[in-house]
Amino acid sequence: MIDFVEGTLCYLDSEYIVVETGGIGYRLFCPNPYQFVRQEGGRAKLYTHHHVREDAILLYGFATRDERDLFRKLLDVSGIGPKGALAILAAATPEQIVMAVQQENVTYLTKFPGIGKKTAQRIILDLKDKLVGFTPSAILTVAAGDLTAGETAVSALNEALDALTALGYSDGELQKIRNALSEKSKNGDSVEKLIKQGLALLMRG
């Protein structure tokens, strides 16, 4: 079992990053690869989940152990595979997900990609007891999202703009779409979604 990978972040893609250590490049599928864009060419450490299936052996990478642990718990839910679990973690923090499950907030959970009402209810049923005592290291004593919603939106916007810069777009081009992306980030759009929306706006000219 590979618990973590630490080395040089060689490059990133929309679904994964590649970290080189010991002369080997490890492809790590992540909830949001673009959150590591500032570390490209530098050192990075990701906690990993080794997933084996009949046609592939895959490594999933996470910035924190909290993310990795919650990813594993989501895999235990009937109907949720690795891609679904990654999409959930890309759209919210572990703190927000845990709180939504503990509060049985079906409405919040159905905002995640591919999660309908029945799957949301299944997540609550399967995980509520398993998450008792599961306290992400950064969890707050106030309602998740109330205090940090603005900060989360700004962080997502900045990460999306950094990723677009890494793709070769100039500051002038990004300034033209900044306000539009800022509004979308305030609505809770994930970094990956902001990047896709940004690319669409840039291609329109």
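Contact, as used in these legends, means heavy atoms within 4.5 Å. The model shown is predicted.

**View 1. Helices α7 and α8 in contact.** From α7, the residues Glu 173, Leu 174, Ile 177, Ala 180, Leu 181, Lys 184 and Ser 185 meet Leu 194, Gln 197, Gly 198, Leu 201 and Leu 202 of α8. By residue class, this contact of α7 with α8 comprises seven nonpolar, three polar and two charged residues. Helix α7 spans residues 171-186, and its axis lies 10 Å from that of α8, at an angle of about 140°. The two helices, α7 and α8, are therefore oblique to each other. Their crossing, that of α7 and α8, is right-handed.

**View 2. Val 191 in helix α8.** Val 191 belongs to α8, which covers residues 191-204. With a relative accessibility of 8%, Val 191 counts as buried, because buried means under 20% relative accessible area. Leaving aside residues up to four places away in sequence, Val 191 touches Asn 32, Tyr 34, Ala 156, Glu 159 and Ala 160. Between the C-alpha atoms of Val 191 and Leu 201, which are 10 residues apart along the chain, the separation is 15 Å.

**View 3. Helices α1 and α2 in contact.** In α1, Glu 67, Leu 70, Phe 71, Leu 74 and Leu 75 meet Pro 82, Ala 85, Leu 86, Ile 88 and Leu 89 in α2. Nine nonpolar residues and one charged residue make up the contact of α1 with α2, with no polar residue. The axes of α1 and α2 come within 9 Å, crossing at roughly 135°. This angle makes α1 oblique to α2. The crossing of α1 and α2 is right-handed.

**View 4. The largest nonpolar core.** The core holds 30 residues, of which Leu 70, Ile 88, Leu 109 and Ile 123 touch the most other members. Two or more residues are given to this core by each of these elements: β2 (16-21), β5 (56-62), α1 (65-75), α2 (82-91), α3 (94-102) and α5 (117-127). In soluble globular proteins, nonpolar side chains tend to be buried together.

**View 5. The surroundings of Ile 123.** Which residues does Ile 123 touch, not counting residues up to four places away in sequence? They are Val 77, Ile 80, Ile 88, Val 101, Leu 109, Ile 115 and Lys 128.

Methods: Residues numbered from 1 in each chain as written. Predicted model: local features only at pLDDT ≥ 70, side-chain atom pairs only at ≥ 80, totals over all residues. Heavy atoms only, no water. Core = buried A, V, L, I, M, F, W, Y, C linked by side-chain atoms within 4.5 Å. Buried < 20%, exposed > 50% of the residue type's maximum accessible area, 1.4 Å probe, protein only. Helix = DSSP H or I, 4+ residues; strand = E, 2+ residues; numbered from the N terminus. Axes fitted to C-alpha atoms, helices over the stretch in contact; angles between N-to-C directions. Parallel < 35°, antiparallel > 145°, perpendicular 65-115°, else oblique. Left-handed = near helix turned anticlockwise from the far one by under 90°. Nonpolar A, V, L, I, M, F, W, Y, C, P; charged D, E, K, R; others polar.
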